[in-house]
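Below is a briefing on one protein model, grouped by topic. Please keep the sequence and the structure in view while reading.

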Amino acid sequence: MLGTAPVSLASTIPARGARAPYRRPGREALPAPSCWSVLEPLLPKVRKPVQYVGGEHNQHVTAWEAAETRWLLCYPDTYEVGQPNQGIQILYELLNERPTALAERAYAPWVDLEELQREHAIPTFSLETHRPLWAFDVFGVTLPHELGHTNLLNLLDLGGVPHRSVGRSTEDPIVLVGGHAAFNPEPLAPFIDAAVMGDGEQVTLEIDEVVRAFKREREPAGPLEGCDDAEARHELLRRLAAVEGVYVPAFYAPRYRDDGRLQRTVPTEPGVPALVPKRTIQDLEEWQYPRKQIVPMTETVHERFSVEIFRGCTRGCRFCQAGMITRPVRERRPETVQRLVEEGVADTGFNEVGLLSLSSADHSAIGPIARDLADAYEGTTTSLSLPSPRVDAFNVTLSNELARNGRRTGLTFAPEAGSERLRAVINKMVSEADLLRTAEVAFAEGWRHIKLYFMVGLPTETDEDVLAIAELGIRTYEIARRHGHANKVTLSVGGFVPKPHTPFQWAAQDPPDEIRRKLSLIRHAIKDHRGIKVRTNDPEEGVIEGLLARGDRRVAPAIERAWQLGARFDGWHEMPTLELWRQAMAETGVDLDWFSYRERDQHEALPWDHLDSGLDAGWLWEDWQDAQADQQLDDCRWSACYDCGVCPGLSIEHDTGYTGGFSLPVVPSRLGGSDELPSTPERYASGP
Ligand code: SF4
């Protein structure tokens, strides 16, 4: 799925499970030594050695002894995948600004280096000073998806930290996870100490305070000096659980029904909340990070300067976990975006700027933002890009503006489903007429290639819906050919995986054979149209993701066993981990059919019910019923609030974005509207 590797690595996965020989040696060995002198001579033996070196522009090195709290922030994949992650860069900068804290970064070593690390007793290390994981106070791991879980266990084990939390002492780092996959951390419950729900900025600083105070109290003459280690660790976890947005799994227990279904998850520690709320920062203007983006030493998946232009999404796509859990929309001011871009480009030397969000064309001032940036960089080599799933001519107009400095090559749209009926089910408000009109405009204006994203395996899907993907592709290709024989259309089709905290959380996932059958229907339907390319994911890819996304604590032994058998990098094509997972599931009695391929009813408790994403459970269920009745729901930014529950929880009424008025003319299929770039009304300049 991610990146490429030059060789087949199947035979190189080492058998795992033994404890690493490089445990924390004890306080007398501190300060922890750097492992660089042992690591450096080994680097010529591994692929892409530069990813383990550090020393990038804007990396931050704080004197080890000067810090009271030491964080190792980790993205549990390779440097090339994890380095651009904005979440880590934000927290890295925030923590390093504190005079009492330091933060360094770690990524997962590829299997070639891991093998050498185990052979030479080199622990999981930080990039900045190559210090071992065990020397840090907090191991903060971001989980943007579920396919890094085995890497997390491996990093702990390799770093000299017991991979199960019950085996840890106060000498070990606190193991924290955050990110979207942390909204159901139950499969990881035995391995983590805490999960952070929601926006990380404020809560990270509060956690840092808790850890700092705890360490001071453990010092000689402190109130916790001499306290039994298990009791002291329990006290630290208790204090962490008191921070809003922090979930400590050890303080909760699941109760199951006789038939195996979950009854509920209950607190077992006095004082912890029955429902753990997510954290939400209300004003992005107060958190203008990252200011000093780290420039990678080697090729990464995104080489650009990125500015998050807003957070959250209220389009209501029912399959989209990111959109649901990040509500409400909070926009950055256009002038702030402009300044951050100008300062960032000057500082980093990147010649591409990404304006990031879940649907960047929906910023209520995106017209002026795009125009002003395009003006600023006209005639230079700096290009601008923005991810947007919008399927309308406005998106083409916007792309034209952003492409002033470059060629009009490819545009990407995401109708997600082939038929209008199924698009109503998933709440993707776009008609076929919209899509074809958009293609017409795009090819007429000189774009050469349109890529369309779809999913199969969506709830209520029939073969007719699947074949509609091919039909839409063929019609789009006919338009492409009218405007030029070299024009291209690509259909990119993946298998749908239901996610927690979405209206589809109750839905059955399609097994891989069914996904495979549906993909072959599409391929067969377009076999006479050679100009259309079809790109599909491996149908088996969703198996592990689906199990971990909606699993409960009973899945944990399968994660542990899969890791012991050698599973790593579960999202990579090059890593043949599915057979290891199947073996692990068989050995640990995890029934994939039961966890993934059955529909839940309203009365079954879900493993994440005690974790509050802000969405009202009743509203989610109603939206699931609406989906099955083909009912669409408008974007609440420009229509009435439909009471999803998020805004009242934040004491705000109806968030319509930065301008305080309606957002841009998002055009639902049944309403019609303007696709013009909006003129620059004064309201954009004055703020709310
Ligand atoms: S509470 Fe209403 S306005 Fe706020 S995000 Fe939910 S639907 Fe939209």
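**Open sheet**

Trp71 stands opposite Ala103 in strand S2. The model is a predicted one, in which local features need pLDDT of at least 70, side-chain atom pairs count only at pLDDT 80 or more, and totals for chains, interfaces and linings use all residues. Residues are numbered from 1 along each chain as its sequence is written.

- The open sheet has 6 strands in the order S2-S1-S3-S4-S5-S6, with mixed pairing.
- Strand S2 (101-107) and strand S6 (246-247) each have a single partner strand and stand at the edges, so one side of each is left without a neighbour in the sheet.

**Overall make-up**

- The protein holds 22 helices and 19 strands, which are DSSP runs numbered from the N terminus (helices: H or I, at least four residues; strands: E, at least two).
- Of its 688 residues, 51% count as buried; buried means that 20 or more other C-beta atoms lie within 10 Å of the residue's own, exposed means 12 or fewer, and partly exposed is in between, with C-beta atoms placed from the backbone.
- Among contacts with a separation of 6 or more, 78% join residues 24 or more positions apart; a contact requires C-beta atoms, placed from the backbone, within 7 Å.

**Helix H7 (residues 229-241)**

- The 13 residues of H7 should span 18 Å at 1.5 Å a residue, and the end C-alpha atoms are 18 Å apart, which agrees; the expected span is 1.5 Å times one less than the number of residues.
- Arg233, Leu236, Leu237, Leu240 and Ala241 are buried in H7.
- These residues cover an arc of only 140 degrees around the axis, which puts them on the same side of H7; the arc is that of the directions from the helix axis to the C-beta atoms.
- The packing partners of the buried residues of H7 are strand S5 (194-196), helix H6 (201-218) and S6.

- S10 runs parallel to strand S13 (residues 352-356), joined to it by 4 bridges, and Glu308 stands opposite Leu356 in S13.
- Helix H9 (residues 334-348) buries Pro334, Val337, Leu340, Val341, Gly344 and Val345.
- Seen down the axis of H9, the buried residues fall within an arc of 125 degrees, so they line one face of the helix.
- Gly349, with a positive phi near 80 degrees, follows H9.

**Ligand shell**

- Pro328, Cys636, Cys641, Cys644 and Cys647 come nearest among the 12 residues around the ligand; a residue is near a molecule if its C-beta atom, placed from the backbone, lies within 6 Å of it.
- The shell divides into 7 nonpolar, 2 polar and 3 charged residues; Ala, Val, Leu, Ile, Met, Phe, Trp, Tyr, Cys and Pro count as nonpolar, Asp, Glu, Lys and Arg as charged, and the others, Gly among them, as polar.

**Asp630**

- Asp630 sits in the loop between helix H20 (617-628) and helix H21 (646-649).
- With 13 other C-beta atoms within 10 Å, Asp630 is partly exposed.
- Leaving aside neighbours within four places in sequence, Asp630 is in contact with Arg421, Ala424 and Val425.
- The C-alpha atoms of Asp630 and Arg423 are separated by 8.4 Å, although 207 residues lie along the chain from one to the other.

Methods
Contact = placed C-beta atoms within 7 Å. Pairing = 2+ DSSP bridges.
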